[in-house]
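Good morning, and thank you for coming.

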Amino acid sequence: MPRLTRWFLRSGLVCLLLGLGLGVALPAAFSSSPWAAALWPIQLHLLTVGWLTQLIFGVAWWLFPRAPSGPVRGSEGVGWSAFWCLQAGLILRVWLEPLRIAGTLSVAGAPLLVASGLLHFVAAAAFAVAIWPRVRER
Amino acid sequence: MPKISRWLVRTALLYLVAGAALGGLLLAVPTAGGQGWWRAHAELMLFGWVLQLAMGVAYWILPKHAAGPPRGPETLAAGIHPLLNAGIVTSAVAWLAMLPPAVLAAGRALELSAVVLFAVAAWPRVKPFGIGREL
């Protein structure tokens, strides 16, 4: 299993634990508070982007057919760019989106929240570029 | 990787990028388009990206048949990609433009028919590797 796959899968497992942990905490601690609504999108994105998408990225990087030329799995640099952009986007989002929904996001925080979306877009595009040549017959 | 899987996986990657772009736009302008745009974002990411990729990879990697076409009748499986994507596009447009519920139902029906085709193609291949090869 290549190193990038291991990082995607381990980060994905951390996000799965955090997402399910929030699922326990939300009804227990915040059921009648505005934080329940504020934390729901975070739980959703921890599970869909943090867990599911990272699992897919990691396994695809590992198991898809070899690249037609150059390094066996394509550009490692582009793959790592996808990894770090996805992590940075998730961290910013988990930190700032509840504040926006609760109406307490500062003026300085707003552009950072937009940056989290941009980072996820760059991560998605980078991964698509990296894996595209490997979507082929063996 | 067979041609049908390549089409499904490549289209899934395009939806990933498009869905992430729409998600980023919604973070920048949360009021853009109203609730329908959030639903469209979910449509692109869950059906366009995750479901489509899972179907493409499963069609590629499930155990093959020992006799006949290795992955079952291709004419049957060839309908998966056009039906699924017609359904996703119809549903996403229905959310984005807040079209009447019948349009969304039509999109969902197309998605369902793609999933039925996939289930029919995949069902006999859900078996241990190597079964039937001794025949």
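A:Glu97 and A:Arg93 are both in helix H3 of chain A, residues 76-101, where 4 residues, about one turn of the helix, separate them. Helices here are DSSP runs of H or I with at least four residues, strands are runs of E with at least two, and both are numbered from the N terminus. The side chains of A:Glu97 and A:Arg93 form a salt bridge, 3.0 Å from N to O; the term requires a side-chain nitrogen of Lys or Arg within 4 Å of a carboxyl oxygen of Asp or Glu. Both residues are buried, where buried means under 20% relative accessible area, exposed over 50%, and partly exposed in between, with a 1.4 Å probe and protein chains only.

The model is predicted: local features need pLDDT of at least 70 and side-chain atom pairs count only at pLDDT 80 or more, whereas totals for chains, interfaces and linings use all residues. Residues are numbered from 1 along each chain as its sequence is written, chains are lettered from A and ligands numbered from 1 in the order in which they are written, and side-chain values use heavy atoms, with hydrogens and water left out.

A:Glu97 also forms a salt bridge with A:Arg100, with the closest N and O atoms 3.5 Å apart. That pair, too, lies in helix H3 of chain A, 3 residues apart. A:Glu97 has a relative accessible area of 2%, while A:Arg100, at 23%, is partly exposed.

Which parts of chain B does the pair B:Glu43 and B:Arg108 tie together? The closest N and O atoms of this salt bridge are 2.9 Å apart. B:Glu43 lies in helix H2 (residues 35-61) and B:Arg108 in helix H5 (residues 101-122) of chain B, so the pair links parts 65 residues apart in sequence. B:Glu43 is buried at 2% relative accessibility, and B:Arg108 is partly exposed at 31%. Returning to chain A, shared partners join A:Arg93, A:Glu97 and A:Arg100 into one network of salt bridges. Over all chains, the count is 4 salt bridges.

Finally, A:Ser11 belongs to helix H1 (residues 3-29) of chain A and is buried, with a relative accessible area of 13%. Leaving aside neighbours within four places in sequence, its contacts (heavy atoms within 4.5 Å) are A:Gly50, A:Gln54, A:Phe83 and A:Gln87.
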